[in-house]
Every structure is written in C-alpha cells, then in structure tokens.
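The following note sets out points for a colleague who is examining this structure.

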Amino acid sequence: MTLARQRQDYLDALGWVARLTAEVPRETLGRPTPCDDFDVRDLLGHLIGTAHRGLATARRLPTRGIPHVVTEIPDAELASTYTHLTAQIHVAWSSLEADDDLVAPWGPCTAVEAARGFTVETITHGWDLAVATGQPAEAPNGIAERCLAFAAEAIPDRLRGVMYDQPVVGAVNSSPTEQLANLLGHRRNRR
C-alpha cells in the first residue's frame with residue numbers, strides 16, 4: 001500500500017473518530033468500554049494522547065513524555081480538542097514520504113509503517129468508543145478491511161500484553177471493524 005493511500009486511511013479514521021467524539025452524550029462519560037481500564041472519559045483522553053503521539057511522530061518529536069491518557073481537558077472540550085489535533089495531523093503528515101524514517105511510540109519505522117500503526121490504533125479505539133456510546137461502530141470507506149490485510153503481521157509479539165492484548169478467538173459474524181478490534185484483544189461485553 002502506498003503512503004498516499006495509508007495516509008488517507010489514517011486521516012479518514014481520525015475524521016470518523018472526531019465525528020464520534022462530537023456525538024458522545026455527556027451522561028455516557030462514566031460508562032465502561034471494550035478497552036480494559038477505560039471508561040468513556042478515559043478512552044477520549046487516550047484518543048487525544050494517541051493523536052498527540054501521531055502528530056509528534058510526523059513532526060519527528062519524542063513521544064515518550066506524552067501521557068497515555070490525557071486527563072487535564074474539561075469534559076466540554078474533549079471533542080473540540082480531538083478535532084483540533086486532527087487538523088494539525090493532516091498538515092504534519094502531508095509532507096512525509098513513504099520511506100521517511102520516523103520513531104513511533106513502538107520504535108523506529110518508515111512513515112508508511114507509522115501511518116499503518118496509527119490507523120489501526122485509531123480505528124480500534126473508535127470502535128471502542130462507538131460500542132460504549134451506542135453509535136454506529138463500522139469505520140468508513142473500507143479502512144478496517146485494508147487494516148485487516150496487514151494488522152496481524154504489524155503487531156509484534158513483544159507488544160502483546162504491553163500495548164495490545166491477545167486476540168479474541170471464537171468471535172463470529174462480526175464486522176471488519178470489530179474483527180480488527182478483536183485482533184487487538186478488544187471485545188464487546190468485556191466487563
């Protein structure tokens with residue numbers, strides 16, 4: 001897959017999640033999600049942290065100091081903060097070439113590999129958010145199907161139990177987006 005295609009998938013994933021965040025009912029912020037240890041508020045903070053890491057990676061800045069879950073943003077500003085970050089990510093990623101060397105949170109990689117990782121992360125946590133808040137949970141434009149083509153090999157075993165859980169086995173009749181989430185260890189009715 002070319003960087004142009006992967007970058008567009010990443011940007012489309014960010015746009016989908018921005019729309020989901022804008023529709024999160026305030027009364028759902030304390031609900032559990034398919035992502036262990038995150039309620040909806042924490043998940044929004046994690047999505048913001050992930051967006052900050054995607055932006056820093058494209059700008060070739062260290063990501064180590066970016067919190068896993070950003071907590072200092074008032075509830076009323078979570079969606080607008082995420083939307084603002086996605087606009088910055090659009091600009092930062094537009095100047096990269098496929099074989100540019102970057103350092104993502106999981107280690108050194110090319111720009112296309114980094115875009116793949118951030119796309120998978122964004123789609124998976126978008127699914128978590130949609131499921132927890134009762135919104136449509138299928139990512140747009142075939143993104144999840146394309147991610148499924150490379151996600152299993154893109155997630156090294158060394159990151160299982162650290163950044164990703166073991167894959168969910170036995171899930172049947174799930175959508176491509178849910179299959180991707182299952183691959184990363186996320187499942188409905190976790191709690």
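1. The coordinates belong to a predicted model, and every remark here should be read with that in mind. An α-helix has 3.6 residues a turn, so residues three or four places apart point the same way.

2. The geometry of α3 may be checked by its length. The helix runs over residues 78-94, which makes 17 residues. From the first C-alpha of α3 to the last it reaches 25 Å, close to the 24 Å expected at 1.5 Å a residue.

3. As for the chain as a whole, it contains 7 helices and 2 strands. Along the sequence these elements follow the pattern α-α-α-β-β-α-α-α-α. Of the 191 residues, 53% count as buried. Among the contacts in the chain with a separation of 6 or more, 70% come from residues 24 or more positions apart.

4. Helix α4 passes the corresponding length check: its 23 residues should span 33 Å at 1.5 Å a residue, and its end C-alpha atoms are 32 Å apart, which agrees. The helix is mostly covered, with 20 of its 23 residues buried. Just after α4, G134 takes a positive phi of about 70 degrees.

5. How do α4 and α7 pack, in terms of angle and distance between their axes? The angle is about 105 degrees, and the axes are 9 Å apart. Angles from 65 to 115 degrees count as roughly perpendicular, and α4 and α7 are therefore roughly perpendicular to each other. On the α4 side the contact is made by V120, I123, T124 and W127, and on the α7 side by T177, E178, L180 and A181. By class, this contact of α4 with α7 has 5 nonpolar, 2 polar and 1 charged residues.

6. Helix α7 (residues 176-183) deserves a separate entry. It is mostly covered, since 6 of its 8 residues are buried. The buried residues are T177, E178, L180, A181, N182 and L183. Just after α7, G185 takes a positive phi of about 90 degrees.

7. T50 is found in helix α2. Is T50 buried or exposed? With a relative accessible area of 5%, T50 is buried. Apart from its neighbours within four places in sequence, T50 is in contact with F118 and E121. The C-alpha atoms of T50 and E121 are 8.0 Å apart in space, although the two residues are 71 residues apart in sequence.

8. Q6 is found in helix α1. Its relative accessibility is 0%, so Q6 counts as buried. Q6 and A98 are 92 residues apart in sequence, whereas the distance in space is 9.5 Å, C-alpha to C-alpha.

Key:
Residues numbered from 1 in each chain as written. Predicted model: local features only at pLDDT ≥ 70, side-chain atom pairs only at ≥ 80, totals over all residues. Heavy atoms only, no water. Helix = DSSP H or I, 4+ residues; strand = E, 2+ residues; numbered from the N terminus. Expected span 1.5 Å × (residues − 1). Axes fitted to C-alpha atoms, helices over the stretch in contact; angles between N-to-C directions. Parallel < 35°, antiparallel > 145°, perpendicular 65-115°, else oblique. Contact = heavy atoms within 4.5 Å. Nonpolar A, V, L, I, M, F, W, Y, C, P; charged D, E, K, R; others polar. Buried < 20%, exposed > 50% of the residue type's maximum accessible area, 1.4 Å probe, protein only.
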